[in-house]
Amino acid sequence: MDISSILQGGYQHPLSRSWQTRSALTKSMFMYPIFITDDPNAKVEIPSLPGQCRWGVNQLEAFLGPLVKKGLRSVILFGVPLNCPKDARGSPADDPTGPVILAIKKIRELFPDIYIACDVCLCEYTDHGHCGFLHEDGTINTAPSVERIAEVAVNYAKAGAHCVAPSDMMDGRIKAIKRGLIDASLGNKCTLMSYSAKFASALYGPFRDAAGSAPSFGNRKCYQLPPTAKGLGRRAIQRDVVEGADIIMVKPALPYLDIIADAAELAPDHPIACYQVSGEFAMVHAGARAGVYDLRTMAFESVESMVRAGATIILSYFTPEFLNWLEA
Ligand SMILES: [Zn+2]
């Protein structure tokens with residue numbers, strides 16, 4: 001037998017196996033997405049997202065306290081307004097008495113070391129359920145959409161968010177938000193994490209159940225990227241780098257590992273985030289329930305593949321589990 005090379009010699013010991021990891025998974029890589037609703041005492045399970053709830057601000061201490069003790073470092077907040085009147089401009093998004101702004105203040109007071117990111121979009125707050133302002137024919141009206149999204153982002157930063165993360169995919173919003181933060185003297189106090197390459201995915205279903213944000217007509221395909229559009233993904237990443245994004249995000253994660261790798265190549269000096277979205281999380285759970293694989297093994301394989309592709313931050317509903325599973 002003529003074998004020129006035996007790779008197995010390089011990873012036959014547990015320690016030499018561990019040396020094969022270029023970038024190890026750590027607790028601090030995880031950012032936990034949480035849903036904040038406007039009933040302050042709410043703790044309502046979301047059936048399509050196993051173990052996840054909509055939380056009221058009065059529940060945050062009991063909910064987050066044990067996770068903070070286990071090493072939770074960051075959260076990303078999604079507002080779920082259920083009791084307020086929605087309008088065309090998404091006014092409840094930055095209502096000072098709305099769930100997101102109250103939650104930012106509450107978490108800062110309760111857990112001063114937790115890094116608070118806020119998703120910024122209008123779709124949870126508009127009566128039509130779209131992410132921006134609309135023309136009469138139902139198409140997106142970009143300029144006022146961007147202006148309003150920047151206003152909301154600045155108001156979250158003023159309330160104490162450490163990071164604002166626009167998910168709307170309106171062209172030009174990164175530049176507008178960065179300008180808004182600088183003009184409000186918050187440029188050096190708030191990170192701008194761009195959902196740069198956000199694809200129109202079939203994997204957002206459970207999130208829409210959770211956030212109540214399905215559009216009332218049409219869909220979001222005119223602003224979310226077509227799943228086949230590698231080139232658009234790359235252009236969006238490069239554009240957002242130039243416009244001042246501090247972190248580049250790819251969403252969803254597992255079916256878009258090549259785009260994560262592209263982001264790491266195109267923005268080698270930026271942290272790269274990816275969002276293991278609701279449908280990915282539900283899929284890992286469903287497969288485990290069906291006996292296809294062990295939940296923990298598959299959860300590890302899924303997020304380790306994201307890190308291998310180049311991600312340095314992972315938004316995941318598995319965050320509480322990884323705080324138990326990881327040592328540091
Ligand atoms: Zn949206």
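The following dialogue explains how to read several features of a predicted model.

Student: What kind of model is this, and how are its residues numbered?

Tutor: This is a predicted model, in which local features need pLDDT of at least 70 and side-chain atom pairs count only at pLDDT 80 or more, while totals for chains, interfaces and linings use all residues. Residues are numbered from 1 along each chain as its sequence is written.

Student: Where does Cys123 lie?

Tutor: Helices (H or I, at least four residues) and strands (E, at least two) are DSSP runs, numbered from the N terminus. Cys123 lies in the loop between β5 (115-120) and α4 (142-159). Cys131 is also placed in the loop between β5 and α4.

Student: Is Cys131 buried or exposed?

Tutor: A residue is buried if 20 or more other C-beta atoms lie within 10 Å of its own, exposed if 12 or fewer, and partly exposed in between; C-beta atoms are placed from the backbone. Cys131 counts as buried because it has 26 C-beta neighbours inside 10 Å. Cys123 counts as buried because it has 22 C-beta neighbours inside 10 Å.

Student: Which residues is Cys131 in contact with?

Tutor: Two residues are in contact if their C-beta atoms, placed from the backbone, lie within 7 Å. Leaving aside neighbours within four places in sequence, the contacts of Cys131 include Cys121, Cys123, Asp168, Arg220 and Tyr223.

Student: At which other residues does UniProt place the feature "binding site"?

Tutor: The record, an unreviewed entry, places this feature at Ser278 and Tyr317. They span 40 residues in sequence, yet no two of their C-alpha atoms are more than 7.5 Å apart, so they gather at one spot. Ser278 belongs to helix α9 (residues 278-289), and Tyr317 is in the loop between β10 and α11 (319-325). Ser278 counts as buried because it has 24 C-beta neighbours inside 10 Å. Tyr317 is buried, with 25 other C-beta atoms within 10 Å. Not counting residues up to four places away in sequence, Ser278 touches Tyr317, and also Leu49 and Pro206, among others. Tyr317, with neighbours within four places left aside, is in contact with Pro33, Leu49, Gln52, Ser278 and Phe281.

Student: How does the span of α9 agree with what it should be?

Tutor: The expected span of a helix is 1.5 Å times one less than its number of residues. The 12 residues of α9 should span 16 Å, and its end C-alpha atoms are 16 Å apart, which agrees. The buried residues of α9 are Ser278, Gly279, Glu280, Phe281 and Val284. Their cover includes α6 (205-211), β9 (272-276) and α10 (295-309).

Student: Which residues of α7 are buried?

Tutor: In helix α7 (residues 230-243), the buried residues are Gly233, Ala236, Ile237 and Asp240. They cover an arc of only 100° around the axis, which puts them on the same side of α7. The arc is that of the directions from the helix axis to the C-beta atoms. The face turned away from the buried side of α7 carries the exposed residues Gly231 and Val242. Just after α7, Gly244 has a positive phi of about 110°.

Student: Which strands pair with β1?

Tutor: Two strands pair if DSSP finds at least two bridges between them. Strand β4 (residues 74-80) runs parallel to β1 and is joined to it by 7 bridges, with Val75 as the bridge partner of Tyr32. Strand β10 (residues 313-316) pairs with β1 in the parallel sense over 2 bridges, and Met31 stands opposite Leu315 there. Strand β3 (residues 53-55) also pairs with β1 in the parallel sense over 2 bridges, where Ile36 stands opposite Trp55.

Student: Why is β1 described as largely enclosed?

Tutor: In β1 (residues 30-37), 8 of the 8 residues are buried, so the strand is largely enclosed by the rest of the structure.

Key: UniProt positions are given in the numbering used here, feature names are shortened, and annotations may be inferred rather than shown by experiment.
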